[in-house]
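Colleague: Could you walk me through this one? I'd like to start with the overall picture and then look at some details.

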Amino acid sequence: MTDDDMTDPTEVDCEAEREPGPSDSLRTFGAVVQALREHAGFSRAEFSDVVRFSKHTVESVELGRRMADEAFVERAEEATGNTGALRKSSEFLTRGEVGLAVWFRRWARLEKKAVSLCTYECRLVPGLLQSEAYARAVFEGTIPLLTDKKLEDQMSARFERQKMLRDRPTVPFSFIVEEAVFRRRFGGAEEMRGLLDRVLELCALRNVTLQLVPLDAMLHACLDGPIQLLETPQGRRLGYSEGQQNGRLIADAKEVSLLHQRYDTLRSQALNPQESRGLLEQLRGEL
């Protein structure tokens, strides 16, 4: 229940920092429980009797080591005066979004409600368009190496995000990707064909648009690096940029406007969707 968790996720400043660690909401909720308990005049032992949970459980909740279940919240709420603070704050409890990088979680939540999403990528195929084999190769190449469980968690999270393309058919998803990204080998011909087939399949959806920036294109408007842009249901436009072990949510209106100008300019510099599809089919035919 950090301040970031309790506010509208679009209400962020222009220098938004990394998303808090996955246990921050538990620790903050625990601190609220402890403060209310002490204000009500209970020791931990006395409080454990009132809420009918062990002293160890009360201590674990207060120290942020344990998720409070519904029964604990209700009994603790009654014991501390029915202020509503615990019921309300418990809605924001989370163990963290498994499989998503800490700094990406806020943006991932915004994606789910966005009314439009634009992505420019020059490093790798955007996660929303990746095939299973491609995504696995990306995660297997991560340094430091992932455990099998973490790798599978990341795979699950990636393909859960991909469902947006089909589950939200009225939301436009625009992608602009460098041709070189699709020429970079990650496996044999079969894996490459699988990737291109997956991208062609997804880009055939009416709400998905893909444009390629060809190898022979001139220098263009987005040379500063990858960028993602979205619009919220409230009409607010936000941006996101990511680098080595960090990500930045951009909310400053002037900066986001500039990024939109660059993206719109790049749209005119890239191949149109039909030409881009033809190039992908050509690349597939060369395998």
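Colleague: What percentage of the residues of the protein count as buried?

Modeller: Keeping in mind that this is a predicted model, 43% of the 287 residues of the protein count as buried. The protein has 14 helices and six strands, and among its contacts with a separation of 6 or more, 72% are accounted for by residues 24 or more positions apart.

Colleague: Okay, and helix 13, which of its residues are buried?

Modeller: Those are V256, L259, H260, Y263 and L266. Seen down the axis of helix 13, the buried residues fall within an arc of 125 degrees, so they line one face of the helix. An α-helix has 3.6 residues a turn, so residues three or four places apart point the same way.

Colleague: And which exposed residues does the face turned away from the buried side of helix 13 carry?

Modeller: That face carries K254 and S268.

Colleague: So what covers the buried residues of helix 13?

Modeller: The cover includes strand 1 (116-121), strand 2 (173-178), strand 3 (208-213), strand 4 (227-231), strand 5 (237-243) and strand 6 (246-250).

Colleague: How far does helix 13 reach from its first C-alpha to its last?

Modeller: Helix 13, which runs over residues 253-269 and has 17 residues, reaches 24 Å, close to the 24 Å expected at 1.5 Å a residue.

Colleague: Changing topic, how many cavities of 30 Å³ or more does a search of the whole structure find?

Modeller: The search finds two, and the second largest cavity has a volume of about 30 Å³.

Colleague: Which residues line the second largest cavity?

Modeller: F53, T57, V61, R66, M67, A68, D69 and F72 line that cavity, and they divide into five nonpolar, one polar and two charged residues.

Methods. Residues are numbered from 1 along each chain as its sequence is written. This is a predicted model: local features need pLDDT of at least 70, side-chain atom pairs count only at pLDDT 80 or more; totals for chains, interfaces and linings use all residues. Side-chain values use heavy atoms; hydrogens and water are left out. On a 1 Å grid over the protein atoms alone, a cavity is a set of points where a 1.4 Å probe fits but cannot get out, and a pocket is an open set with protein on both sides within 12 Å along at least five of seven lines; lining residues have an atom within 4 Å of a point. Grid points are joined across faces, edges and corners, and a volume is the space filled by probe spheres set on the points. Ala, Val, Leu, Ile, Met, Phe, Trp, Tyr, Cys and Pro count as nonpolar, Asp, Glu, Lys and Arg as charged, and the others, Gly among them, as polar. Helices (H or I, at least four residues) and strands (E, at least two) are DSSP runs, numbered from the N terminus. The expected span of a helix is 1.5 Å times one less than its number of residues. Buried means under 20% relative accessible area, exposed over 50%, partly exposed in between (1.4 Å probe, protein chains only). The arc is that of the directions from the helix axis to the C-beta atoms. Contact means heavy atoms within 4.5 Å.
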